[in-house]
Amino acid sequence: MITFYCINCWATVPESATICPHCGDDIAVRQARADFVDKLIAALHLPEPTTVMRAAWVLGRRRERRAVAALRQLAAGADDGFIAASAVEALEKIGAPEVLGALRRAARHSSPRVRRVAARAMRTIESSEQSETAAPTTGEPNS
Ligand SMILES: [Zn+2]
C-alpha cells in the first residue's frame, strides 16, 4: 500500500483515503483547493522536521515546479541532513535543470547522506537533459 500524508495533521494515510482517519479532514477536498500547493510550500518552513520532509516528499511526487525555489534553499542551506536530503530528493523528482546549482552546493554538505543523494540527483537530471538534447540532428557536430 502506498502511503500519503494528510496535509492538515501530517499523519501518514493510505493514498486511497479521502478522509483522514486521524483528524477527519477531507483530504480530497483539500487537495482540490487552489492553495494546496501554497500550503505545502509554506510547510517547508515549519519547525517540525518530519513535517518539512513530508511536505518535500509530496511536492516532489507532484513534480511541483513552483516549489523549486523553496526546495533549492533547503537543499543548499538546511543544516539538518535529513531535511536537506529530502529537499534534494524532491528536486531530483521535479528534475528541472535550474536545480543543478543547488544540487552542487548540496553535494558539499557536511552530511554524507546529503552528498550521496545530491550526487545521484545530479546524475539523474544531467542524463535526462542529455537524452532530451540528443534528438536526431542533421549531423552537425556539437561544439
Ligand atoms: Zn489528518
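Visitor: Let's start with S110. Is that residue buried or exposed, and why?
Guide: S110 is exposed, because 9 other C-beta atoms lie within 10 Å. The rule goes like this: a residue is buried if 20 or more other C-beta atoms lie within 10 Å of its own, exposed if 12 or fewer, and partly exposed in between, with C-beta atoms placed from the backbone. By the way, this is a predicted model, where local features need pLDDT of at least 70, side-chain atom pairs count only at pLDDT 80 or more, and totals for chains, interfaces and linings use all residues. Residues are numbered from 1 along each chain as its sequence is written.

Visitor: Where does S110 sit?
Guide: In the loop between α6 and α7. Helices (H or I, at least four residues) and strands (E, at least two) are DSSP runs, numbered from the N terminus. S110 is 17 residues from K93 in sequence, and their C-alpha atoms are 23 Å apart in space.

Visitor: And D38, why does that one count as exposed?
Guide: D38 counts as exposed because it has 12 C-beta neighbours inside 10 Å. You'll find D38 in helix α2. Between D38 and A67 there are 8.6 Å, C-alpha to C-alpha, though they are 29 residues apart in sequence.

Visitor: OK, zooming out. How many helices and strands are there?
Guide: The protein chain has 7 helices and 2 strands. Going from the N terminus, the order is β-β-α-α-α-α-α-α-α. The C-alpha atoms fill a box of roughly 60 × 35 × 25 Å along the principal axes.

Visitor: How much of the chain is buried?
Guide: 34% of the 143 residues count as buried. In helix α4 (residues 68-77), the buried ones are A70, L71, R72, L74, A75 and A76.

Visitor: What do those α4 residues pack against?
Guide: They pack against α2 (36-43), α3 (49-61), α5 (81-94) and α6 (100-106). Contact here is between two residues whose C-beta atoms, placed from the backbone, lie within 7 Å.

Visitor: What about the largest nonpolar core, how many residues does it have?
Guide: It has 41 residues, and those with the most contacts inside it are L71, A75, A84, A87, V88 and L91. A nonpolar core means a set of buried Ala, Val, Leu, Ile, Met, Phe, Trp, Tyr and Cys residues joined through C-beta atoms within 7 Å. Two or more residues come from each of α2, α3, α4, α5, α6 and α7 (112-133). Helix α5 gives the most, with 8 residues.

Visitor: What does V88 touch?
Guide: Leaving out residues up to four places away in sequence, V88 touches A75, L103, A106, V114, V117, A118 and A121.

Visitor: New topic: which domains does the chain have?
Guide: The assignment gives domain 1 (1-33) and domain 2 (34-131). Those bounds come from an automatic or database domain assignment. The contact takes 6 residues from domain 1 and 8 residues from domain 2. Taken over C-alpha atoms, the domain centres are 22 Å apart.
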